[in-house]
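Okay, everyone, thanks for coming. Let me put the model up on the screen and then walk you through a few spots in it.

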Amino acid sequence: SKDSGGNQYQYYNPSMNKRNTELLHLETNLYQAIRESQLCLYYQPQININTGKVTGMEALIRWQHPDLGMVSPDQFIPIAEETGFINSIGEWVLFTACEQNKKWQQSGLTPLKIAVNLSPRQCQPNLVTSLKQILKETKLEPEYLELEITETSIIVHPELTQEILEELTEIGISITMDDFGSGYSSVGYLKKFPFQKIKIDQSFVRDLKNEPSDLAIISAVITLGKGFNLQVVAEGVESQEQAYLLKNLQCDTMQGYFFSYPLPVDEATKFIQSVANEGIF
Ligand code: C2E
Ligand code: CA
Ligand code: CA
Ligand code: CA
């Protein structure tokens, strides 16, 4: 399933005027996208490197645009954030991801965590209410939901965000710091905020080779995370060598094209089933 290519976007030559014009109108189109269900979730497995088993799935949003093909979240999430659409999109993502995870459980698979990305604008008090409602409606137990936030969420309103994250933690939802190491002040936040996990930023993993300086950085990040009693996830793992190096550095959870691209729901289900007994290796 590594070659199923679920993550391939259609890239266009930037000089193609039609696409540029259309992109300018993404904002208007986004409204339609929500109304006409052009959004969907792909799921990327997170693997325990020691057992080879899937411990979680990250939900990643996709926009299947009728004219533009697949639009990457990096292109439309920022627009959704500026225009406020992110609140309805975010709620749809949370509901759909929780519902899907419950379906996997009900089909008899070993329960796993669903990880959902949260935009800074979603970190508001009403998030707690809305998440309680979603968990109730989907009947998903909170320990199977994980929220990934970046430090941008924290920087804007640190006190408020801390309060919200603590409430979510009390409910039983776990919080991951995404893109760890990419920002400026993440280390201080580890002490103050209720994280269970850090995700090492892809930039450190992407260039990882068997060279002392690369290894020193990753090793320091892993040691730091473990020092705070956090689980450490490496994402963007693209090669066997990287997986091997990370394993030697005691990183036990990994995610990346080497294991699987983000997959549409049916393929994601097959992937989970296929490694359920023996693991991926
Ligand atoms: P992210 O949360 O850091 O997600 C990881 C990105 O890396 C994903 O891109 C994923 O497809 C990609 N990736 C996974 N494995 C590999 C690998 O081995 N190599 C490389 N080069 N890339 C890999 P994607 O799906 O395009 O998402 C981009 C960003 O969009 C995400 O970054 C996240 O910040 C945002 N995003 C995606 N879905 C949502 C969502 O539902 N809500 C919000 N607020 N943001 C989302
Ligand atoms: Ca993420
Ligand atoms: Ca990330
Ligand atoms: Ca990112």
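So, to start: how far apart are the calcium ion (ligand 2) and the calcium ion (ligand 3), and which residue coordinates both? They are 4.1 Å apart, and the residue is Asp-178.

Some housekeeping before I go on. This is a predicted model, where local features need pLDDT of at least 70, side-chain atom pairs count only at pLDDT 80 or more, and totals for chains, interfaces and linings use all residues. Residues are numbered from 1 along each chain as its sequence is written, chains are lettered from A and ligands numbered from 1 in the order in which they are written, and side-chain values use heavy atoms, with hydrogens and water left out.

Back to the metals. By donors I mean N, O and S atoms within 2.8 Å of the metal, or 3.2 Å for Na, K and Ca; water is not among the atoms, so sites may look incomplete. When I say helix or strand, I'm using DSSP runs numbered from the N terminus: H or I with at least four residues for helices, E with at least two for strands.

Now the calcium ion (ligand 3). Asp-178 (OD), Asp-179 (OD) and Glu-235 (OE) coordinate this ion at 1.9 to 2.4 Å, and the spacing of these donors reads D-D-x55-E. Asp-178, the bridge between the two ions, counts as buried at 8% relative accessibility. Asp-179 is partly exposed, at 27%.

Let's stay in that part of the chain and look at strand 6 (residues 174–180), which holds Thr-176. Thr-176 is buried, with a relative accessible area of 1%. Its side chain makes a polar contact of 3.3 Å with the side chain of Glu-146. A polar contact here is a pair of N or O atoms within 3.5 Å; within protein, one must be able to donate a hydrogen and the other to accept it, and residues adjacent in sequence count only if both atoms are side-chain atoms. Not counting residues up to four places away in sequence, Thr-176 touches several residues, including Glu-148, Phe-195 and Lys-197; contact means heavy atoms within 4.5 Å.

Ser-174 is in strand 6 too, and it's buried at 7%. What does the Ser-174 side chain pair with in a polar contact? That would be the side chain of Lys-113, at 2.8 Å. With neighbours within four places in sequence left aside, the contacts of Ser-174 include Leu-145, Glu-146 and Gln-196.

Next, helix packing. Helix 2 (residues 26–35) and helix 3 (residues 73–83) pack at about 90°, with axes 10 Å apart. Axes are lines fitted to C-alpha atoms, for helices over the stretch in contact, and angles run from 0 to 180 degrees between N-to-C directions. So helix 2 and helix 3 are roughly perpendicular, a label that covers 65 to 115 degrees; under 35 is roughly parallel, over 145 roughly antiparallel, and the rest oblique. Helix 2 brings Leu-26, Glu-27 and Leu-30 to the contact, and helix 3 brings Gln-75, Phe-76, Ile-79, Ala-80 and Thr-83.

Last, two loop residues for anyone who checks backbone angles. Asn-229 has phi near 65°, a positive value in a residue other than glycine; Asn-229 sits in the loop between helix 10 (212–227) and strand 8 (231–235) and is exposed at 72%. Gln-250 also isn't a glycine, and has a positive phi of about 75°. Its place is the loop between helix 11 and strand 9, and Gln-250 counts as exposed at 52% relative accessibility.

Key. Buried means under 20% relative accessible area, exposed over 50%, partly exposed in between (1.4 Å probe, protein chains only).
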